[in-house]
Amino acid sequence: MRAVKEEQLIKLDQQHLWHPFTQMKDWVKNEPVIIAEGSGVYLTDTKGRSYIDGISSMWCNIHGHRKKELDKAAVAQLDKVSHTTLLGFTNPPAAELAGRLVDILPSGLSKVFYSDNGSTAVEVALKMAFQFQQHQAAKSRTGFVSLNNAYHGDTLGAMAVGGVDIFHSTFAPIFMQGCLKAPSPFCYRCELGLSHPECALACADHLEWILRDHHEEVAGVILEPMIQAAGGMITAPTGYLRKVAEACRKYDVLLILDEVATGFGRTGRMFACQHEDVTPDIICLSKGITGGYMPLAVTVASDRIYEAFLGEFKDLKTFFHGHTYTGNPLACAVALASLNLYETEHILERLQEKIKYFRARLDRLSSNYRQVGEARSAGLMAGVELVRDKASKEPFAWDEMMGWQVCYAAMSKGLILRPLGNVLVLMPPLSISMAELEQMMNIVEEAIGDIALSKQVK
Ligand SMILES: Cc1ncc(COP(=O)(O)O)c(C=O)c1O
């Protein structure tokens, strides 16, 4: 087949491709970087330049690119069949993966429902929780409680329980009704004006008051445990999750944890809820599930929820939801190979040293630059908040694009980053070596230093 030349690719992209979360008027003014290959933590563009993948290709890569075992698993499955449907049939990788996931999840989460991205994992959870309450004859329990500043994806249901205005407010008129917002439990932005750690407990109290007053209208509470990711990498103080779980139990409201970003070791444990020994009624997983290779998601529910859907055909208790690529065998085969690697390569054990080093380098950033307001992290995911001055916490204006400027500087030095406003997101593959992590953090430091100097804000 004729290879399309780089200039043609650029032309085709600019003429026909509409990129996500991108102002296309600006996009078409610049020549795009075309990523053509990857190996380990490195990505290479069509000009032959290499970059460390500092965002794990949108927070999902775990074992690096071109991981031999994952490549082999995909090829082996290609040799059998690429896609068959789970409607009326099953397939070996989908069944095996369901069992393996149940084995590693907190006990009680036992029924795996497949979809193919984080947003759909959340949609499934919301619909499942809603229909569960209907089956329980709790007909009034139709709404959800979610947190301010939450991000659960871009589909309509996921946006309705989201709370990042810049992404969601435009679409508010078409959201489902009945979603109540609780304060975000993050002392950095404590909406109750309290300091750490009172903030966490007060925010959990606040959520409990909402449940006390409204539980008859609430099907479930949904939140991102430990860290609100797309909301700016904001960490929750320990104790909050446990308290919310207790409140949910008290009012018999389902707890849905969105571990799309935090799952599969990102926070240092396999799942973030394990840090507080909390088992939700429903968990949503995606991103890292295939090591960042294939689109796949699961929504895993307890037996209690599953059993409420059992009945005679005519009872119409069936969960009427599904996607064409549900349980895709290629994706499931790669996910199985990825889970094997956690065991054979002792991923979580080896991660602890990297997390310690990462945290130390974040602290160094924080103390060396007055433009670093905070450097928040959970495991190997971090948000470095850039401010004009740490003392006053005066933010850079949105349109100064300070986050982007630092990312462009990092890119020129061989590191791919993507900001959330003025927050630099640092999220390398879990497989990054100590030397590569050191290289990455050196570049982050240099890039912040360069921009601070050029803006004469140091
Ligand atoms: C916590 C969380 N939930 C859901 C999503 C949506 O996932 P997707 O982009 O795969 O739809 C994301 C994406 O960043 C996320 O961070």
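Let's start at one residue: setting aside residues up to four places away in sequence, Trp59 touches Ala261, Lys287 and Met427. Touching, or being in contact, is meant here as two residues having C-beta atoms, placed from the backbone, within 7 Å. Trp59 sits in helix α3. Helices (H or I, at least four residues) and strands (E, at least two) are DSSP runs, numbered from the N terminus.

Before going on, a word on where this comes from. This is a predicted model, in which local features need pLDDT of at least 70, side-chain atom pairs count only at pLDDT 80 or more, and totals for chains, interfaces and linings use all residues. Residues are numbered from 1 along each chain as its sequence is written.

**The whole chain**

The protein chain has 15 helices and 18 strands. Its C-alpha atoms fill a box of roughly 65 × 60 × 45 Å along the principal axes. How does the radius of gyration fit in? A compact globule of 458 residues would have one near 23 Å, and the protein chain has 22 Å, so the two agree. That radius is taken over C-alpha atoms, and the globule rule is 2.2 Å times the number of residues to the power 0.38.

What share of the 458 residues counts as buried? It's 47%. A residue is buried if 20 or more other C-beta atoms lie within 10 Å of its own, exposed if 12 or fewer, and partly exposed in between, with C-beta atoms placed from the backbone. As for contacts between residues at least 6 apart in sequence, 70% join residues at least 24 apart.

**Two domains**

The domain assignment gives domain 1 (33–63 + 348–454) and domain 2 (71–344); such bounds come from an automatic or database domain assignment. Taken over C-alpha atoms, the centres of domain 1 and domain 2 are 27 Å apart. Where they meet, 23 residues of domain 1 are in contact with 22 residues of domain 2.

Which elements of domain 1 supply at least two residues each to the side that touches domain 2? They are α3 (56–59), α13 (347–368), β13 (372–378), β14 (381–389) and β18 (423–426). Helix α13 gives the most to that side, with four residues. By class, the side of domain 1 that touches domain 2 has 14 nonpolar, seven polar and two charged residues. For these classes, Ala, Val, Leu, Ile, Met, Phe, Trp, Tyr, Cys and Pro count as nonpolar, Asp, Glu, Lys and Arg as charged, and the others, Gly among them, as polar.

Helix α6 (residues 118–135) has 18 residues and reaches 26 Å from its first C-alpha to its last, close to the 26 Å expected at 1.5 Å a residue. The expected span is 1.5 Å times one less than the number of residues. Is α6 mostly covered or mostly open? Mostly covered: 14 of its 18 residues are buried. Just after α6, Ala137 takes a positive phi of about 65°.

Now for the ligand. It is surrounded by 14 residues, and the closest are Asn117, Gly118, Ser119, Gly153 and Val260. A residue counts as near a molecule if its C-beta atom, placed from the backbone, lies within 6 Å of it. Helix α6 turns up again here, giving the largest share of the shell around the ligand, three residues. The shell divides into six nonpolar, six polar and two charged residues.

**Single residues up close**

| Residue | Other C-beta atoms within 10 Å | Class |
|---|---|---|
| Phe21 | 8 | exposed |
| Asp252 | 13 | partly exposed |
| Val33 | 14 | partly exposed |
| Trp59 | 21 | buried |
| Pro428 | 26 | buried |

Phe21 is in the loop between α1 (6–16) and α2 (24–27), and its phi is near 45°, a positive value in a residue other than glycine. Asp252 lies in the loop between α10 (240–250) and β10 (254–258) and has a positive phi of about 55°, although it is not a glycine. Val33 is found in the loop between α2 and β1 (35–39).

Pro428 lies in the loop between β18 and α15 (434–454). Leaving out residues up to four places away in sequence, Pro428 touches several partners, including Val41, Ile52, Leu380 and Met440. Back at Trp59, its C-alpha atom is 12 Å from that of Pro419, a residue 360 places away along the chain.
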